Each structure stands twice: as C-alpha cells, then as structure tokens.
Amino acid sequence: MSTVIFRAIAPYLTALMVLFSVFVLLRGHNNPGGGFIGGLIAASAFAIYGIAYGVPPVRRALRFHPMGIAGFGLVVATLAGVPSLIGGKPFLTALWAYPKIFGMEVAISTATFFDIGVYLVVLGTITSVALSLEERER
Amino acid sequence: MQESQIDWTFLVMAAPFLAAFVAPLLKRLLGSGASWILAAAPAAMFVYFLGLIAPVASGSVIANGFAWAPSLQINFSYRLDGLSLLFALLVSGIGTFILIYAGAYLKGHAHQGRFFSFILLFMGAMQGLVLADDFMTLFVFWELTSITSFLLIGFDHTREAARRAALQALVITAGGGLCLLAGLLMMTGLVGVHSMTEAIALGSSFAENPYYLPVLILLLGGAFTKSAQFPFHSWLANAMEAPTPVSAYLHSATMVKAGVYLLLRVHPFMGETVPWMTILPLFGGATLLAGTLLALRQTDLKLILAYTTVASLGLLVMLTGTSNETAILGALVYLLAHSLFKGGLFMMAGSVDHEAGTRDLRELGGLGLKMPVTFLSGLVLAWAMGGLFVTLGFFAKEAMYEGLLHGEGTTPVTLGVAVVGNGLMFAAAFAVGLLPFIGKRPENLSGAHEGPIGLWIGPLVLACLSVAGIVFAAFTQEALIGPTLAAVAGARPHPDLSYAIHVNEAFAASCVTWAIGILALLALRPVRRGLAASLDAIGWGPDRGFDQLVNGLTNGSAAVTRFIQNGDLERYLSITFTVLALALIVPLVVFGEWPHVPETFALAPHEWAVMGLAAVGLVAVIVAENRLTAIVSLGIQGFAVALIYMLFGAPDLSFTQFMVETLSVVILALVMTRLSLMTADRRNYFQRAKDGTIALACGIGTAALLIAVTNQPFDSRLSDFFAEHSRTIAHGRNIVNVIIVDFRGLDTLGEIAVVMITGLAILALLRFPAPWRPTRAVEEEK
C-alpha cells in the first residue's frame, strides 16, 4: 500500500480530513454532521496515515493512547451533564450561553461539549482498534 | 415522606465514612498513632447515642428521612427506637476500642491506613444498617456490610486462604442479601409497605397476608446467611483469616448480629406464628449444638471463639424463635453480654497471639504472670461467657431458662438444647480465657510479656463492662434492655434485671449447665479427640460442600461453553442467521401478516441506476475470485445504500453510512490480513447452496418485515414533537443531532460508553496471542 503517490498525499489528506472532521463536528447542531460522524472521519484519517507510514508515526503524532482519548471523551461527555445538575435541572439538560467573541455572538452550549465527548470516544475507540489491527506483531 | 431538614443523626451516620476518607492520610502523617485520633469518630458517635437514651427510654421513636428516589418511592430514612439504639451503641462503643486495638495490633503493617479505612467504612455500613427505616436504605447498608467484610477478610490478599475465605463470605452473605432484597421487594411491591415503621404499624395482622410465608422465608434467607446459621456457618470460621481486630468486631460483636437484628426487628409483625416458631428454633438449635461441638474440637483460640460465636448466634435465633417475652429478654441481655465478652475475648486472643507468637492451645500455657492484665481480662470475660454470677451473662442465662421453663412457645427439647449448648460454651470459654495462662510455660514462650496499652485496654474495658452491666442493673434495664424489649416484643420485662440469685428451677438448670461445662473442660482433650475422630469419619461438611458447589458451577459452565461454543465460526454464523431468518419469517406467516408486495415500483431513472449499482456490488461479492475483492464489492453495495438515503432526504444517515462503509472495508481488510484464511472461497456446491438459502431467507424475511412495517399507518407524534421543539427548546435545526446530544443525551452517553467498552474488549482480544496451531506445527517441522 505504500506507493509513492499514496505516501506523498497521505499527510495532506490526513490533515484535511481531521480539519474537516472538526468542521463537521461543530456544524452538527444545525446541519448534517455531529460528533459521531466527525469522529468516524477523524478515525479514517488516522487509519489512512497508518496505512501509508506504519503505526508508530501515528502513535507518536497522537501523543496519547487512543483509548486514553476515548476515555477522556467519555469524561467530557459525562461532565457536560453536570452543570445542569448543579442548576437543579435533570442530568444532561443542555444549557446555553451567548458570549460575544470579537464582536460576534457565538452560541455555546453544554450540548456542544457533550458532542465533543462523543467525537473523542468514537475517534479514540475506532483508531485504537484500527491501529492494533495494522500492527502486525505476531 | 415530606422534605425534612438534615439533622445530627444524618451527620453521625456520615461520620465513619468521612473518617474512612481521611484515615490513610492521617496514618501517613501520624503513623499508627492515628488510631487514637480516628477512634474519636466512633467515640463521638457513642456519646451522641448516649444522649439519645433518655428520649428513647421514655418511649419516643426518633425518625427522619428524605426522598432518595421519589419516582420509585425510595427514601433515605432512619428510625431510632430501643433496638436500633442498643445496636448503635454497640457498634460505636466497641468500634472505638477496636480502632485503638488495631493501631497497636497492626503497628508497622504496610497497609495499616487502608485497614483503618476499611474498618471505618464497615462501621458506617453497620451503623446505617441498624438505623435504617426504609427498606431500600436497609438493603443498601446490608450489602455494604457484606462488601466491607469481604475487603476486611481478604485484607492479607497475598494469602490464598484469605482470598478464598473472603470470597466464600461474600458469596454466602451477598447471596443471602439477594434473598433479603427479594423479600423486601415483595413487601414493597405486593404488600405496599416501604419501611420498618409502616411494617410495624401492620402488627400481627401481617401474618394473615397471603405473602407472609414467602416473605418470611426470603427474609430468613438473608438473616440466616448473615448470622452464620447452620448450614451456612462455614464462612464465619474461615473469616478468621482476617486480622484479629476484624474478627473481634465484625465476626463476633457486630456484623454477624445483623441477622439477629433483622429477626428482632421484624418480630413485631412476623413473629408469634407457627412457621416462625418452628423454623427459627429448629435452625437456631441445630446451629447452637453444631457450633459448640465444632468449637471444642478446635485448638486455635480464634477458631474456638469463632465456633462459639456460631453457637451464640444459634442460641439467639432459637430464643427469638420462641416469641416468648422472657426468653427474648434473655436473648437481648445475652446479645449485649455476648458483644462485650466475645469482642473482648477475641482481642485478648489476638494479644496472646501477638505477644506469644502462637494461638494454638497446645503450645500455650503459664502466661498468667507474664501478661497479668490480659490474664485478668481473659478470666473475667470467660467468667461472663460461662454465665457465672455478677455478670450480664448470668442474668441472661437465668432469664432465658425462666422463659424456656415457664413461657409459651417452647418445648423441653428447646430447654435441653439450651442447657447442653450453654454448658459446652462454658467449657470453650474457659479453654480460651484460662488455659493459656495457667500450667507449665513452654520454653519458647519465655520472651512473652504484656503488650502496649492499645492491646490490653479494649479487653479490660469490655471485661469491666460485663460486670458493670449487672452491677448497675437498674440503668441497664431502664436505658438499654427495657426500650429494646419494648421495640421487639412490645412489653416490659417480667423478671427485673438484677444480680440477685433466685434459687428456683432456672437456677437448677444453670447448675446443670455449669456441671456439664466443668466436666467438658476437665475432659477437654479426650472430648476434642473424640470429636475430631467422629468429624473426620463423616469427612464432609458445608465448607467442603461450598467448594464442591463452586467447582461444580465452573465445571458446568465450562461444559456448557464447550458445547455451545465449539470454535467453528461457520457453524456459529449458520446457527445465528438461521435463527434470525426463522424469527423474521415464522411470525409473519403464522399470524398471517405476510405483506402485500406492490407489483410496480415507481422509481425515477437515477434511482433505478443506484439500485442497479447496489445489485452489481452484490453480484460482485458472490462471484469474486478472492476475499479482498469481495470485501471491496460489499463496500460498493454499502455506498449505493448510502446514496439511496441521500436521495430520500436523510443526509445525516447517508453521511454516516458512507463513513461506516469506508471504515468497514478498511477494518475488514485489516482483519483479513490477520486471519489465516484461504484467499478464495473453497466451499463445495452443497455448502454454497445451504449458505445461499440461509442468506436468501434472511434477506426475504427482512424485506418482508420492512414492507409490513411501512404498510402500517405512520404514527408521527414523535417526529412532530421533535420537528416542533428542536428549534425552540434545543436551539438546533438538525433534528437528528439534537435528538442525539440533547433530547436523548443519556442514551447517547450510555452508547458511547458501550462503544468504548467494546473497543477495550477488541483490544484485549487482539493483544492476546491466540494459540495458533498450524504455525506451531509448521515450526516444529522445521
């Protein structure tokens, strides 16, 4: 699979796909997309990089074990439900805030953080499975 | 239950848990001396409960609670009456001395901080158990005592015996706990009673309830396992693997009494019936006799005490089973006395072990002058356990004999069992409390000496209390026993608590008891040999039975696994998909719901094209020369389906389908490289025909089901709700995503947890190098 063309394109493809996955994640609330699909895109990006360059570079680039990323995502998603609990509402009720950043109104919600958690769990789990399969230690 | 304020009792209930939280830190800062500071927690609890004696003795019941899970009608509530208060005082009072004792006994142990933490957790659980009013509160604390007991028995987790004992205790007591849960759920679900207060209000009318007998049996299942009744007693003897403070606290003074507590607690509404007065004396009496006989057989001080504890619990259950006020009075006094003398004797045995290096009766002797304070406490405690006068034990025995002689609900057999059991316990008491200190001192024990204050203060204080309890009989009666009896039997005691000796029939029974005891003590060695020989001749006991049960379970499940999972992937898939096809087709045919298939499909040309693409992909899968081609072809079909989703207005679904298909192809291809499969399909025509039939059946069944479902009128209430509210409530235009992250966020949280757990499981499977026989065979050939 490590043809010259593939190896030359893979880094750009990966970067583009990761960027796109974040875009998909963030637009999810109003347009097609969301954490699950975004996570799948990011996971395939890393899988492609792994096929082109082998698994160790991917692991180095990720810095953390993919399962650790997934675990972090689960924690983020859980914590996203806590603020509403403090406010006396049921667990995971979405809370919204509209701060002005550089003069532009940005809608921030606990649901966004929940979706980020979903994104990280899917990314981490699929990537760790894919990478383990790519590693051919027998 | 109305909303109520957090009061002091809740704080006191939380105190041991908080202390458990800081215990390891304190231990690190202060060393084993931390025990003196930690002991302040139970001491403060004890003082708090002392302050409640006056209101409770005057007959009031202190209760409070708050809604825990209102939708399930579960409250967190407590109820403090005489019975709860007596137990709460025992738990906190003895707990104080146990903590101090543990500080000295486990000095220098690497995990002493953890030990403090565990024992404080247990203290909190036990205290919650005796205070709980709501059934679910009770159950939670009940199981918590089983779990903390598991941790404490297995404290020396490097030893296999300790691990086995811990597991056995957990299996038996938690299994009983499940019985209890079932009983309590029957009470809440079928009888409509949610707490002890409500149940006690039912009174004896509950006995006519059709669910009385099943509830009784289930509750007894909990009580008998917890209180180590025959034949569930083996875990208690094995629990002696735990450090001595644990044995003294959990397995004599407090936890094992939880079962007795439960029986006393439910006595007002479950007692005084034929089943109650049959089952309890039967099991209690058998336990009493078995316990004493097993105790006399032992030579290990702790094991002797453990089996006498079993016997004492049997005695308590038997007396409770008579439903006779005087006998129950005897039981309550005995319960108080037992907690004091047995907790003290355990600590004393631990001190002897700690200083002499052995607790085998055959290797001990002549320690009296070397350890005078320990000897004195041991003697007094044995005196109390033997039921000699001017101790609580004496009065307990007189009262129970009085009740068994003249009261209702007893038979001469019960009295006989009690006399023999008490007599043998007398012998066991002095075997532990006297024999190590008299006679000739073996050579190797010349270095033994009195331990530090922490080791002897506990036994000494408990010994003093055993005597003081009867010297200040008026206080004991008014403050402790009277209110407890009122809570259990609804009456004041008939014979007044006092240290006076009345020469009557009960006293005569006492004299017989002592005679049996002294004879057994003098003939201890032949009795022990005889018992050992006869028990060896039987050669089977509940302990062996437990092992057989566990082995049977593991062997049985292994056999079932081998039968169902024989390792042939093709067979698994055939079975799974055959069952799927049958499940899809059979109900449709049987119930005559086979759908009417439309004759024409009104599709636009581009839609036909996508359909054609899918069909091409499928045909390619079937005719593909090698597996990689087949996988990629399957991907073509998947992409075609994604296109169909897109055409029919489900962009999210289509988007996800594209990604899932891509990843499936990648991961399947990767898996293929790992599995040593043949590159091409080598099935013969018969197998192909069989697999093809199953596949077609599955496909037709799914299609038929889908057509049948879509033929139904569409209920759009949910879609309408989401379409209407996703913008207004959840501020999102993408309904699918809003449902995922907001409306049904908790589902998603559960799903991503499952995703992650599945990932972990896959990783574990991949890491595990499977025994790959063909390769090994090849290597051997080389």
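Analyst: Let's start with a word we'll need: a residue is buried when its relative accessible area is under 20%, exposed when it is over 50%, and partly exposed in between (1.4 Å probe, protein chains only). This is a predicted model, where local features need pLDDT of at least 70, side-chain atom pairs count only at pLDDT 80 or more, and totals for chains, interfaces and linings use all residues. Residues are numbered from 1 along each chain as its sequence is written, chains are lettered from A and ligands numbered from 1 in the order in which they are written, and side-chain values use heavy atoms, leaving out hydrogens and water.

User: Why is B:Asp742 called buried?

Analyst: Its relative accessible area is 16%, and the limit is under 20%, so B:Asp742 counts as buried. You'll find B:Asp742 in helix α31 (residues 735–743) of chain B; helices here are DSSP runs of H or I with at least four residues, strands are runs of E with at least two, and both are numbered from the N terminus.

User: What does B:Asp742 touch?

Analyst: Leaving aside residues up to four places away in sequence, B:Asp742 touches A:Ala94, B:Ala730 and B:Asn737. A contact means heavy atoms within 4.5 Å.

User: How many residues does each chain bring to the contact?

Analyst: Chain A brings 46 residues and chain B brings 38 residues. About 3,600 Å² is buried between them, with carbon and sulfur atoms giving 73% of that. That area is the accessible area (1.4 Å probe) that the two parts lose on being put together, summed over both.

User: Which elements of chain A take part?

Analyst: Those giving two or more residues to the side that touches chain B are α1 (4–27), α2 (35–53), α4 (66–80) and α6 (110–134) of chain A. α6(A) gives the most, with 13 residues.

User: How many salt bridges are there between chain A and chain B?

Analyst: The count is 0. A salt bridge would take a side-chain nitrogen of Lys or Arg within 4 Å of a carboxyl oxygen of Asp or Glu.

User: What makes β1(B) and β2(B) a pair?

Analyst: Two strands pair if DSSP finds at least two bridges between them. β1 (residues 62–69) and β2 (residues 74–80) of chain B have 7 bridges in the antiparallel sense, so they meet that definition. One example is B:Ala67, whose bridge partner in β2(B) is B:Asn75. The two strands form a hairpin with 4 residues between them, and B:Gln73 in the turn has a positive phi of about 55 degrees.

User: Why does B:Ala228 count as buried?

Analyst: B:Ala228 counts as buried because its relative accessibility is 0%. B:Ala228 is in the loop between α10 and α11 of chain B and has a positive phi of about 50 degrees, although it is not a glycine. That loop also holds B:Pro231, which a cis peptide bond joins to B:Phe230, with omega about 5 degrees.

User: What about B:Ser323: buried or exposed?

Analyst: Buried, because its relative accessibility is 13%. B:Ser323 sits in the loop between α15 (301–321) and α16 (325–356) of chain B, and its phi is positive too, near 55 degrees.

User: How do you know where B:Leu250 stands on accessibility?

Analyst: B:Leu250 has 0% relative accessibility, so it counts as buried. B:Leu250 lies in helix α12 (residues 244–253) of chain B, and its contacts include B:Phe122, B:Ser149 and B:Leu152. The C-alpha atoms of B:Leu250 and B:Thr145 are separated by 9.0 Å, with the two residues 105 apart along the chain.
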